[in-house]
Amino acid sequence: MKKSYSFILSLILLSCCSYPRLSAQSRQILLSGEWSFRADPMDIGIGSEWYQQQFSEKIILPGSMTTNNKGNDIDVNTPWTGSIFDSSWFIKPEYAKYREPGNIKVPFWLQPIKYYKGAAWYQKTVTIPAAWKNEYIELFIERSHWETTVWIDNRKVGMANSLATPHVFDLSGYMSPGERRITVRVDNWVKDFNVGQNAHSISDHTQSNWNGMVGNLSLISKPKLFIEDVQLFPNIHKKEVVARLSINNTTGKVQKTDVRLSAVADKKNAEILNPLQESFKLRKGLNTLELVYPMGTHPLLWDEFNPNLYSLTVTVEGKSSADVQTVSFGMREFMSEGTRFAINGRPAFLRGTLECAIFPKTGYPPTDIDSWMEIFRMAKYYGLNHMRFHSWCPPEAAFDAADRSGFYLQVEASTWPNQGSAVGDGDPIDKYLYEETSRILKSYGNHPSFCMLASGNEPDGKNQKEFLTQYVNYWKAKDSRRLYTTAAGWPVVPESDYNSTAEPRIQGWGQGIHSIINAQPPRTNFDWSEIISKWKQPTVSHEIGQWCVYPDFKEMQQYTGVLHAKNFEIFQQMAKEHGILHLADSFLLASGKLQTLCYKADIEAALRTKGFAGFQLLDIHDFPGQGTALVGVLNPFWKEKGYVTGAEYSRFCNTTVPLARFSKMIFRQNEILTVPVEVAHFGEMPLENIVPVWNISNAKGEIMYEGQFASITIPIGNGFFLGEIRQSLSNINHAQQLTLTVSTGNFRNSWDFFVYPSATPSDHDDILITQQLDSKAIEQLKDGGKVLLTLKKGSVAKNKGGAVAVGFSSIFWNTAWTGGQPPHTLGILCDPHHPALKEFPTQYHSNWQWWDAMSHADAVMLDSVANGLQPIVRVIDDWATNRSLGLIFEVKTGNGKLILSSIDLLDDKQNRPEARQLLYSLSDYMHSEAFNPTVEVDITKIKNLFLQP
């Protein structure tokens, strides 16, 4: 049965609840500083009429209970807000010491110094000046978490529950001159409606479920005739802006009024615009006016390259009073054109990341512009132009900073209605979603950076598709200043202005080692054209990446605020207990290089897809919750980790990116390298008369081959063919890592590929190469011989490492939240100068030549062979288990010498040049005098590694 959502129509009434910027001529009483305070854990304050009492405890606002060190100590019964899918911490013996009072450390997210869920009361006494008698007075709370109820003296004013916008209370009639007591009850319980326990607007996964009030806290006195709201609708084609004004006449009678508009550009030497003035008669109460303001002959347009802003000053003059409000806006048109976005008529491609309310210093988002300017500066440095606010909406300062930085924002209406919540089923969340969206558009709708809106993230509900289709249609008709989609992730419906879907990415949820990057030999010639061909509107790939890196334990010293990295302390101690803590920095750098390679593959696939609209990374910086998802090349403080700079990252993530379509990354020397080359260019203007150049260099940086393509003017878009590289590799007489670099003007990109000899020398007679530790191998070792034992995949016993899911890519998101989705490893770590790898060119970390090895390998738990055994090639384990794992190691056993490779180097080796070359390099090392293992083990230790028949 179809449900009725007739309550939508009632939202028109919300127009009287808009939240304006403060008028220039408003008088304010700032409420920052010391307040009286009382916690109400039993929720008895209303019934006991606490608003009539005075509180003895003190607290500093703006701030939270946590920033004031108030609340309860963390223990095993802390009532967290957020799903915990892995219950290991609560039950497993290895975590027992972290469940003890005084040593509580949780692994699933950052740990607050105190925790409180429930009602808390805040109280402040103010003196209202005589000049405010009979004035319109507002209480302005820029951001509260969460529900606020306000009393003045003993009189209740009302309640507000927005998670996204200021809480504003009309105190007219409550605030006569003299001493007045303001009491605010803040409640952070999920009550009448459930936005979703994992929504980043409320969850402990990221910002924390804090209790308090932050940002601008003030009382505001306004004239009896005042501007309540200004909404601006630019039209770049008509070169005008439509100003829709809400003016409140509280004089009690009709007022003759002059309304004057005057706009000024923030750019020097811009065209001077003439003011506009009109006269109106305003009835009592709220009046809605519409004026059309001409923007001159050449209005300055806003986009990522030229974030030009205007300030529109609105003046309302009555007989005895005047009010002035200044609003910042930009002349821009962000729309869909076919399967692409367009900004002011020019194709645009979104290179985005998520921001999930991650603020460890305070546990809540900053409300100052400088903090947000730094965030956007770092995002831009890494080549991005777009940010998605996952299941939350930031404060005004974020929009201001994005306006100035030229960033395109996707905002969401505070919800992740899943895992205990749903939309479309007639629950209170349905109505709240519309109300919250209305508040968001009223509060932030004038910002040119506010280009996209979704209801929230990944919804549940049997009627979600019908409900969210109606939601999209409603807001498209009501406010055309941005584009709308149902929700991030799903459902995809034709009514949306754009799609948000996880289909176009190289690792999908649940794919494990069966994804493109893990199941298919490395290449760069695939794209998402077939996927997006079924839709007519733009498609943005949802939460691509999610590639993890080993923890940076040096980062722990940065947690000087209310959220501490106790999860890192657990992981660090575990690494210490397993004897690998000294390798932590190396693990970070090696896994970071692999992580970067995975992100490069993801991003380039998006850029290769003609007609694609963009991507949203999860994430450019770490996500500390959901089991600890170390997916960022930046840490939660937007700081670099040391393995990739913004200059390096932006070679493959930028306005202009050369792209090479390799059919494979591994070649033999008797092959012709054939690589089509193209470019994606979404710059400010076409690139005129560009001569693309290319070169191939070796590991020393020496150029071996080079060339150029014909001169070309590159339009705005992607999939523009530059030419094809055809290069014989016949003069390469030994294994090499080579790098192709393509440059188009000032932009260049590069790809490592590997060339191996067409044939390798015959095996050495003094070395037995075998896949089984059979009697022949054991006899050879007893006789003082050499054995290279290369195991078939699946041969290692589960309790010796065989249960470790090995794959090429780094860990996807994390194993705790995904239920152990493979792979469980973070790539390899080796000494590239080890003589065993002399004939197998490698860096200290995984690159494409290790894909074959990781696809044919088991891990070996090294301590099951010998404590502290140092392998030739190590595989980096999941930070949540921190086992010492190896792929290749050497030992003495019996009278002989053994290299064990848990990589199968024999099966189908004629079609696996990497395996054949690695086998040759190991056997050549074993044939040399350098082969002299120092660790001696009993042969039974080796036997015990295998699955028993």
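The exercises below, each with a worked solution, concern a predicted model.

**Exercise 1. Packing of helix 4 and helix 5**

Task: Find how the axes of helix 4 (residues 428-444) and helix 5 (residues 464-478) are arranged, and list which residues meet where the two helices touch.

Solution: Begin with the general idea that a pair of packed helices is described by the angle between the two axes together with the distance between them. For helix 4 and helix 5, the axes come within 12 Å and cross at roughly 25 degrees. Angles under 35 degrees count as roughly parallel, and helix 4 is therefore roughly parallel to helix 5. The handedness of this crossing is right-handed.

Next, turn to the residues. From helix 4, Asp430, Leu433, Tyr434, Thr437, Ser438 and Leu441 take part, and they meet Phe467, Leu468, Gln470, Tyr471, Tyr474 and Trp475 of helix 5. Sorted by class, the residues of this contact comprise 8 nonpolar, 3 polar and 1 charged.

**Exercise 2. Length and burial of helix 4**

Task: Compare the span of helix 4 with the expected one, and decide whether the helix is mostly covered or mostly open.

Solution: Helix 4 has 17 residues, and the distance from its first C-alpha to its last is 24 Å, which is close to the 24 Å expected at 1.5 Å a residue. As for covering, 14 of the 17 residues of helix 4 are buried, and the helix is accordingly described as mostly covered.

**Exercise 3. Packing of helix 2 and helix 3**

Task: Work out what orientation helix 2 (residues 369-381) and helix 3 (residues 396-405) have to each other, and which residues form their contact.

Solution: The axes of helix 2 and helix 3 lie 8 Å apart, and the packing angle is about 45 degrees. Because of this angle, helix 2 and helix 3 are oblique to each other. Helix 2 passes helix 3 in a right-handed crossing.

On the side of helix 2, the contact is made by Ile369, Trp372, Met373, Phe376 and Lys380, which meet Ala397, Ala398, Asp400, Ala401, Ala402, Arg404 and Ser405 in helix 3. Divided by class, this contact of helix 2 with helix 3 holds 8 nonpolar, 1 polar and 3 charged residues.

**Exercise 4. Backbone details in loops**

Task: Locate the cis peptide bonds that end at Pro62 and Pro823, and then describe the backbone and the accessibility of Asp153 and Lys239.

Solution: Take the cis bonds to begin with. A cis peptide bond, with omega about 0 degrees, joins Leu61 and Pro62, and Pro62 is in the loop between strand 3 (57-61) and strand 4 (63-64). The bond from Pro822 to Pro823 is also cis, its omega being near 0 degrees, and Pro823 lies in the loop between strand 43 (786-790) and strand 44 (825-830).

Then consider phi. Asp153 is not a glycine, yet its phi is positive, at about 55 degrees; this residue sits in the loop between strand 8 (147-152) and strand 9 (155-160). With a relative accessibility of 22%, Asp153 counts as partly exposed. Lys239, likewise not a glycine, has a positive phi of about 55 degrees, and its loop is the one between strand 13 (225-235) and strand 14 (240-249). Lys239 counts as partly exposed at 36% relative accessibility.

**Exercise 5. The surroundings of Thr596**

Task: Decide whether Thr596 is buried or exposed, and name the residues that Thr596 touches.

Solution: Thr596 is part of helix 9 (residues 584-608). Since buried means under 20% relative accessible area, Thr596 counts as buried at 11%. Leaving aside residues up to four places away in sequence, Thr596 touches Val633, Tyr643, Val644 and Phe652.

Methods
Residues are numbered from 1 along each chain as its sequence is written. This is a predicted model: local features need pLDDT of at least 70, side-chain atom pairs count only at pLDDT 80 or more; totals for chains, interfaces and linings use all residues. Side-chain values use heavy atoms; hydrogens and water are left out. Axes are lines fitted to C-alpha atoms, for helices over the stretch in contact, and angles run from 0 to 180 degrees between N-to-C directions. Helices (H or I, at least four residues) and strands (E, at least two) are DSSP runs, numbered from the N terminus. Angles under 35 degrees count as roughly parallel, over 145 as roughly antiparallel, 65 to 115 as roughly perpendicular and the rest as oblique. A crossing is left-handed if the near helix is turned anticlockwise from the far one by less than a right angle, and right-handed if clockwise. Contact means heavy atoms within 4.5 Å. Ala, Val, Leu, Ile, Met, Phe, Trp, Tyr, Cys and Pro count as nonpolar, Asp, Glu, Lys and Arg as charged, and the others, Gly among them, as polar. The expected span of a helix is 1.5 Å times one less than its number of residues. Buried means under 20% relative accessible area, exposed over 50%, partly exposed in between (1.4 Å probe, protein chains only).
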